[in-house]
Every structure is written in C-alpha cells, then in structure tokens.
Amino acid sequence: MDVAIGDCIDKMARHILPTGVIENSSEIMYGRLLERFAFPNGSQEHEYVAPSTRAEELFSKPSVWGWALTAPLSKARSGARSKDMKFSFAGLGSAIERICHGRETAMTLDERMDVAREALRVAFEHLASRVLMALQKQLNEAEPADTEKIGTLVVSGGVASNQFLRTVLRLFLDNRGFAHIRLIFPPPSLCTDNAAMIAWTGTEMYRAGFESDLSCNALRKWSIDPDAEDGGILGVEGWK
C-alpha cells in the first residue's frame, strides 16, 4: 500500500541504531546492520514464540519501557482492514521515529536493542500474516483432493537474507496449521537488492532482442508480468 518492507527496515535502522554504528560501518544495507544490532549472537538469541491466533497476533504488547507497537492494518472498527491482503509498513516506520525521537531523555543501548527486536518482529509478523491469509484462501477454494496443492514457498529478495525473518515465518506457519509448507530461502549471497534483479531483467530483455532509447520513462512501480493490468514489462512505450 505504501512502502516496501526493505525500505521500512532501512529507515527504522536509521532511527534505532546508535550514531556510531552507522558511522563506523562500511555497510550500506542498514537493515543488515539492524539485524546484527538486535541479535549480536545470531539466531540463538531469537527466542521467538509465534502467535497461535489472529487475536494474539494483533495484540499490542507493551514494553518495559512504556511504549508498544501496533500491528499494521490492525486498527479498524469493522476489523476489515486487518483482513485486507495488502502490506503496509509506513505506519510502523513512523511509530519507530516517534519512539526514538519524541522524548526528552536519551535512549539507552538496551532500549534501542529492544526497539530493534520489536520492530523486526512486528514487520515480519505482518508479512507472515499475509502469507498465511493467501495460503488459507487457497486452501478454502481448493478441491478436496488438492488441499495441499501448495507445498513450497520461495522467499526471495534482499530481506530474505534476514535470519530472524526465517525464524518468524517458519514458526508462524507451524503454529497456524501450515507446518507442511516447505520454505526455501536462497543463500544470503543471492538475496540481493532489487537493483541487481532489475539489471538482470534488463539483461534478459536485451538478449531477447528488445531495446529502448533514452526517451523511455523511468517508472517507480513496473510489473514484469505480461498478464498484469498495465501490460507488464512490454506495456509501456519505447521498446524497439
């Protein structure tokens, strides 16, 4: 609906991470820095317990510091938005900004670590909740003989390298009736930024004989699916 999860995590990292962490690092992927800051000893510190119900998932857990994060799209009188199969991360980013900067006293290192862990948990549970909705929809619409038609889920992209995401998604599905779903994550070295994916798409298009000159427009959102409403990658003018 608004910003991508990777953009959200990078922006949250700028608010949460101590200034020295960013200044003293050559890392330009702030999301990776945020994960290391939140879990310096890796996955052994995850200690994640997945929600068993939708109500538990939407419950805002108060922290020992007095703040709490709300699950995206959970605020609606009718409850319709919480069931909307869309992603929304802008509100989470704004909440983190208020927690980190809307105060008179400096935030301690321990509190920053708690904010980092909670921010990642809420973001990844929101992503997992939409995966769960899609799987449940497929299950409800499937023929009786095809109840396990979807057995594998591939998680790719830059954020897929986050080990905590892997923990959250696996336990989330296990705890909500989809333990049979096999999760496939590419090696972290192949979980690249969208820029590499865009470049590869361009390479494939060039090899297929498509070219364009510099008069073509740069589009912020552009589907590569030929069946998309906008015609997909060939749905814009400028190809020759």
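Reader: Start with Asp 174 and Arg 170. Which helix do they lie in, and how many residues apart are they?
Author: This is a predicted model, to be clear from the start. Both residues lie in helix α7. They are four residues apart, about one turn of the helix.

Reader: How far apart are the closest N and O atoms of Asp 174 and Arg 170?
Author: They are 2.9 Å apart, and the two residues form a salt bridge.

Reader: Where does Asp 174 fall: buried, exposed or in between?
Author: Asp 174 is partly exposed, with a relative accessible area of 34%. Arg 170 is partly exposed too, at 23%.

Reader: How many salt bridges does the count come to?
Author: Eight. One of them pairs the side chains of Glu 57 and Arg 176, at 3.2 Å from N to O.

Reader: Where do Glu 57 and Arg 176 sit in the chain?
Author: Glu 57 is in helix α4, and Arg 176 is in the loop between α7 (163-175) and β2 (182-184). They are 119 residues apart, so the pair links distant parts of the chain.

Reader: Is Glu 57 buried or exposed?
Author: Glu 57 has a relative accessible area of 5%, so it counts as buried. Arg 176 is buried as well, with 15%.

Reader: Which residues are linked in a network with Glu 57?
Author: Arg 54 and Arg 176. The three are linked by salt bridges.

Reader: What about Glu 125 and Arg 121? Which helix holds them?
Author: Helix α6 holds both. They are four residues apart, about one turn of the helix.

Reader: Now a charge without a partner. What is the nearest side chain of opposite charge to Asp 10?
Author: Arg 14, which is 5.7 Å away. Asp 10 is buried yet has no salt bridge.

Reader: Why does a distance of 5.7 Å not count as a salt bridge?
Author: Because a salt bridge needs a side-chain nitrogen of Lys or Arg within 4 Å of a carboxyl oxygen of Asp or Glu.

Reader: Where does Asp 10 lie, and what does it touch?
Author: Asp 10 lies in helix α1 (residues 5-16). Leaving out residues up to four places away in sequence, it touches Met 29, Tyr 30 and Gly 31.

Reader: Which residues are closest to the centre of the largest cavity?
Author: Glu 57, Ala 71, Pro 72, Val 122 and Glu 125, out of 16 lining residues. Helices α4 (54-58) and α6 each give two or more residues to that lining. The largest share, six residues, comes from α6.

Reader: How do the lining residues of the largest cavity divide?
Author: Six are nonpolar, four polar and six charged.

Reader: And the second largest pocket: how much space lies in it?
Author: About 430 Å³. It is lined by 21 residues, and those closest to its centre are His 46, Glu 47, Arg 117, Glu 118 and Arg 121.

Reader: Which helix gives the most to that pocket's lining?
Author: Helix α6 (residues 109-141), with five residues. The pocket's lining divides into 10 nonpolar, two polar and nine charged residues.

How values were computed. Residues numbered from 1 in each chain as written. Predicted model: local features only at pLDDT ≥ 70, side-chain atom pairs only at ≥ 80, totals over all residues. Heavy atoms only, no water. 1 Å grid on protein atoms, 1.4 Å probe; cavity = no way out; pocket = protein on both sides within 12 Å on 5 of 7 lines; lining within 4 Å. Points joined across faces, edges and corners; volume = space filled by probe spheres on them. Nonpolar A, V, L, I, M, F, W, Y, C, P; charged D, E, K, R; others polar. Buried < 20%, exposed > 50% of the residue type's maximum accessible area, 1.4 Å probe, protein only. Lys, Arg positive; Asp, Glu negative; His and termini not counted. Contact = heavy atoms within 4.5 Å.
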